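Let's go through a predicted model and check how its labels hold up. The questions below take one label at a time.

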Amino acid sequence: MALDHADSLKKIIKGDVEAGQKTLSFYSHDTSLFEVRPRLVVFPKNARDVCQLVEFVNRHKTADPSLSLTARSGGTDMSGGAINDSIIVAFERYMNHFGNVQGSKILTQPGVYYHDLEPVTLARGLLMPSYPASREICMVGGMVANNAGGEKSLTYGKTDRYVSEVKIVLHDGKEHTIKPLGGVELQKKLAEPGLEGDIFRSVHKMVTTHAELLSASKPRVSKNSTGYNLWDVWDGKTFDLTKLITGSQGTLGLITEATLKLVPSQPLSGMQVAFLPSLERLGEVINSLLELRPTSLESFDDHTLKFAFRFFLSFRKTLGWRRFIWLGLSFIPVLGKLLRHIFHLPKVILLIEFEGKTQAQIDTKLRSVANRLTAYNIDSQAAEDRRHEEKFWIMRRESFNLLRKNIKRKHTAPFIDDLVVPPACLPEFLPRLIEILERYKLLYTIAGHMGDGNFHIIPLMDLADKRERDKIPKVLKEVTDLVLHYGGSLSGEHNDGLIRGPFLPRMYKPEMMSLFKSVKQLFDPHNIFNPHKKTDAAWEYSEAHMRRRF
């Protein structure tokens, strides 16, 4: 059947259709702990190809109910959101273009690498600030689909704040332009016939009729990528469906373009690096530092530090020889701090960054940080300039890739990798979290966005061992219960995918889940877009596709 579809698709699209074993094997994985083998991988050349794909699936869905389309950009998704068992729509080969900066906006296709976009925006003194830690390998399509956030989210928020317009192919096989509407424009759209008008009317009725339920259900944390973002669609004046599409993980349609808003890049920054000997007072320290309103408040733990030194040579592949040699030399001044803890490395390293227009403002903030840390008997030092800051950012950003590529027999198992709790809860929450991880005897690293209470916990496990795999649902359930006890979210920026989708009913009440299902049914009545995620996720399916070998 797959070969029949491949031959048929080659006749109607200009892009590539591939079903070779090497291609199917590669696209069976993202950076999650799952493996799902597709039947075909299609590389569309343009939006017309995407429309043709949707029309093709619609025509053949009755005869072949398993047909579906799953969008994929960089494949850096840690939740299993970019893999599926039918057709993968891979944007990186052809739909990888972006326009010039116009004012404070830029138009981009989903297959654009963020690292290619940033130099262009910085040349105009502008920045897309919601980039994730995977900034060197991720693509814009995934940033929008997952509602990505990263080290600057504490100040600038997540991707949904910067999407001003999207072009998306809906289930009718046509490309639609979605942007915020208000006043007369909104009234015209609500009266419009056709699919787009139906969607606007239905969602408008949904968010106005259920305003109290939405308000009560919205997670009380600074960042959330679970479910569908209904609560931010309507503010009483502006109706913005881009808020719903951003973070929908390709389950509502296929995004072909996004117009992104940019912010002025700050000319100066400063960083204080803190070396915490224990987790004992971490929550207190974080809440004290937040009072100073840092731009970023990031962290990585002693396990990450040990692995970084153990596999230091691996940085050469990412950085190239020149930057690699610079990185090694730049760490020499820091060794003095670390050698004080030679028999007991710092449990956590905090990166506290400030941006500003004058160095005097930044220096004042850094002195305040140093004073507060001294009061807790915590060593710290100020980075001399942005180049000295970079070595810490490299370690923070590359920690996941370092583990994924270098630990033999054990594999990164990101299944509790994106939890969020209110920072005020950290003094109680963190010890209880660590107790669960230690009780199950997990080897793990912790990094994350401390200022948001957003933690990336990556266990290292031998998933060929059934005893290890059996720990996953048990730990996931206990950690989920703990996060929800403190009013948190299961995902701040990595989204639901195969790992968290099945747990959405634990996070949201039946009435809210019913609204989520209504959204999915409205946009995708035949379930052709990225099934097994969000509202139709099931743990049985996810568990059956957990990787056993690497």
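Axes here are lines fitted to C-alpha atoms, for helices over the stretch in contact, and angles run from 0 to 180 degrees between N-to-C directions.

Q: Why are helix 7 and helix 8 called roughly perpendicular to each other?
A: The axes of helix 7 (residues 183–190) and helix 8 (residues 194–209) cross at roughly 110° and come within 8 Å. Angles of 65 to 115 degrees count as roughly perpendicular, and therefore helix 7 and helix 8 get that label.

Q: Which residues make the contact between helix 7 and helix 8?
A: Helix 7 brings Leu186, Lys189 and Leu190, while helix 8 brings Glu196, Gly197, Phe200, Arg201 and His204.

Q: What makes up the contact of helix 7 with helix 8 by class?
A: You get three nonpolar, two polar and three charged residues. Gly falls in the polar class.

Q: What makes strand 2 and strand 4 a pair?
A: A pair needs at least two bridges found by DSSP. Strand 2 (residues 40–43) and strand 4 (residues 87–90) have three bridges, in the parallel sense, so they qualify. Val41 sits opposite Ile88 of strand 4.

Q: In what order do the four strands of the open sheet come?
A: The order is 1-2-4-3, with mixed pairing. Strand 1 (16–18) and strand 3 (69–72) are called edge strands because each pairs on one side only. On average, neighbouring strands of this sheet are turned by 25° against each other, ignoring direction.

Q: Which strands does helix 3 lie across?
A: Helix 3 (residues 47–60) lies across strand 2, strand 3 and strand 4, and runs at about 155° to strand 3.

How values were computed
Residues numbered from 1 in each chain as written. Predicted model: local features only at pLDDT ≥ 70, side-chain atom pairs only at ≥ 80, totals over all residues. Heavy atoms only, no water. Helix = DSSP H or I, 4+ residues; strand = E, 2+ residues; numbered from the N terminus. Contact = heavy atoms within 4.5 Å. Parallel < 35°, antiparallel > 145°, perpendicular 65-115°, else oblique.
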